[in-house]
Amino acid sequence: MNNHPRHHGPPPRRPNIGITPDWTQPADQAFARYELKVPYSDAVLRAGGLPFVLPYSDDPTCVEAYLDRVSGVLVTGGAFDIPPEVYGESAREGLGALKEGRTAFEAALMRGALKRNMPVLGICGGMQLLNVVLGGTLFQDIGREVAGAREHEQKHDRTQPQHPVDVKSGTLLAEAVGHGQLMVNSTHHQAVRATGKDVVVCAVAPDGVVEAVESTVHVFAVGVQWHPEYMATTIPVHNGLYKSFVQKAREHRR
């Protein structure tokens, strides 16, 4: 009798995941810098993916070359807003800082990925951009534009939750983290107003603010308003979103 554990071949191949970094220009330094919070890459690694940071380019052939080399795209968040002109509006009071170069690159990357039906995960500002790229609009400032809204910019430790959301059953998000109540962190002052074409709301906060959206016509195009990667150890169920994303990327790889 053989008591050795069975080996079922090599572990599954890690799909390449392209991650968009943030961009900052320190006042006391000559050169701008790309920045990526470690929890994003850790979450991709933990889920079985191989993370690659994608520096910005306004060259469409460069965007396509990136997409030739990755199997999934992760669009991260940051302390900036999407230019309202991108969704057909003008700036209103409460609009925050913009990073037009970042938004232009991320929008081109996201459109290219969606055209290929490549898995896309949008986190916080990345979720808002997913909705906009698919034809939706945003509230430019929740406090000024959403009657009865609660505080969505928590002041405490972001590894801890701020409020619950209701995850809708029958969605990709529910497959990843379960349906019903889920506690999430909250670091945003903008939110989805009108959903884009073939976009459904898959999670809502108690005050009615949209907390997650997904496309009904793509294999995996999901955006969440919170940061699941910050709660990897405090509320481990959040890891399920990255696991689903990476698995879809693995399946997408030709």
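**Entry 1. Cysteines**

I looked first for disulfides, a disulfide being a pair of cysteine sulfur atoms within 2.5 Å, and I found that the structure holds zero of them. A disulfide is a covalent bond that joins the sulfur atoms of two cysteines. The model is predicted, and for this reason I note that local features need pLDDT of at least 70 and side-chain atom pairs count only at pLDDT 80 or more, while totals for chains, interfaces and linings use all residues. Residues are numbered from 1 along each chain as its sequence is written, and side-chain values use heavy atoms, with hydrogens and water left out.

For burial I used relative accessible area: buried means under 20%, exposed means over 50%, and partly exposed lies in between (1.4 Å probe, protein chains only). Cys 202 is buried at 0%, and Cys 124 is buried at 5%. Cys 62, at 23%, is partly exposed.

**Entry 2. Cys 124 and helix α4**

I took helices and strands as DSSP runs numbered from the N terminus (helices: H or I, at least four residues; strands: E, at least two). Cys 124 sits in the loop between β6 (120-123) and α4 (125-133). Its phi is near 55°, a positive value in a residue other than glycine.

I next asked how many residues of α4 are buried. Nine of the nine are, so α4 is largely enclosed by the rest of the structure. Among the buried residues of α4 I listed Gly 125, Met 127, Gln 128 and Asn 131. Just after α4, Gly 135 takes a positive phi of about 100°.

I recorded a further positive phi, near 60°, at Asp 198, also a residue other than glycine. Asp 198 is in the loop between β10 (191-192) and β11 (199-204), and with 32% relative accessible area it is partly exposed.

I located His 163 in strand β8 (residues 163-167); at 5% relative accessibility it counts as buried. I then looked for polar contacts, that is, pairs of N or O atoms within 3.5 Å; within protein, one atom must be able to donate a hydrogen and the other to accept it, and residues adjacent in sequence count only if both atoms are side-chain atoms. The side chains of His 163 and Glu 211 are joined by such a contact of 3.5 Å.

Contact means heavy atoms within 4.5 Å. Setting aside residues up to four places away in sequence, His 163 touches several residues, including His 152, Leu 182, Val 184 and Pro 206.

Thr 171 lies in the loop between β8 and α6 (172-177) and is buried at 7%. Apart from neighbours within four places in sequence, Thr 171 is in contact with Cys 202 and Glu 214.

I found Asn 16 in strand β1 (residues 16-19), buried at 17%. Its side chain reaches the backbone oxygen of Arg 69 at 2.9 Å. Beyond four places in sequence, the residues that Asn 16 touches include Leu 50 and Phe 52.

Leu 50 lies in strand β4 (residues 50-53) and is partly exposed at 34%. I noted that Leu 45, Leu 50 and Phe 52 form a nonpolar patch on the surface, with about 230 Å² of accessible area together. Patches are made of residues with over 30% relative accessible area and no salt bridge; like charges are joined within 9 Å, and nonpolar side chains (Val, Leu, Ile, Met, Phe, Trp, Tyr) within 5 Å. Accessible areas come from the Shrake-Rupley method with a 1.4 Å probe; for residues, only the protein chains shown count as cover.

**Entry 3. Salt bridges**

Side chains of opposite charge can pair when their charged atoms come close. I counted as a salt bridge any side-chain nitrogen of Lys or Arg within 4 Å of a carboxyl oxygen of Asp or Glu, and the count comes to eleven.

Which residue forms a salt bridge with Glu 145? Arg 92 does, the closest N and O atoms being 2.8 Å apart. Glu 145 lies in helix α5 (residues 142-145) and Arg 92 in the loop between β5 (72-75) and α3 (100-115), so the pair ties together parts that are 53 residues apart in sequence. Arg 92 also forms a salt bridge with Glu 89, with the closest N and O atoms 2.8 Å apart. Glu 89 is buried at 19%, whereas Arg 92 is partly exposed at 31%.

Asp 166 and Lys 168 meet in a salt bridge of 3.3 Å, N to O. Finally, I recorded a network of salt bridges that links Asp 22, Lys 99, Arg 102 and Glu 106.
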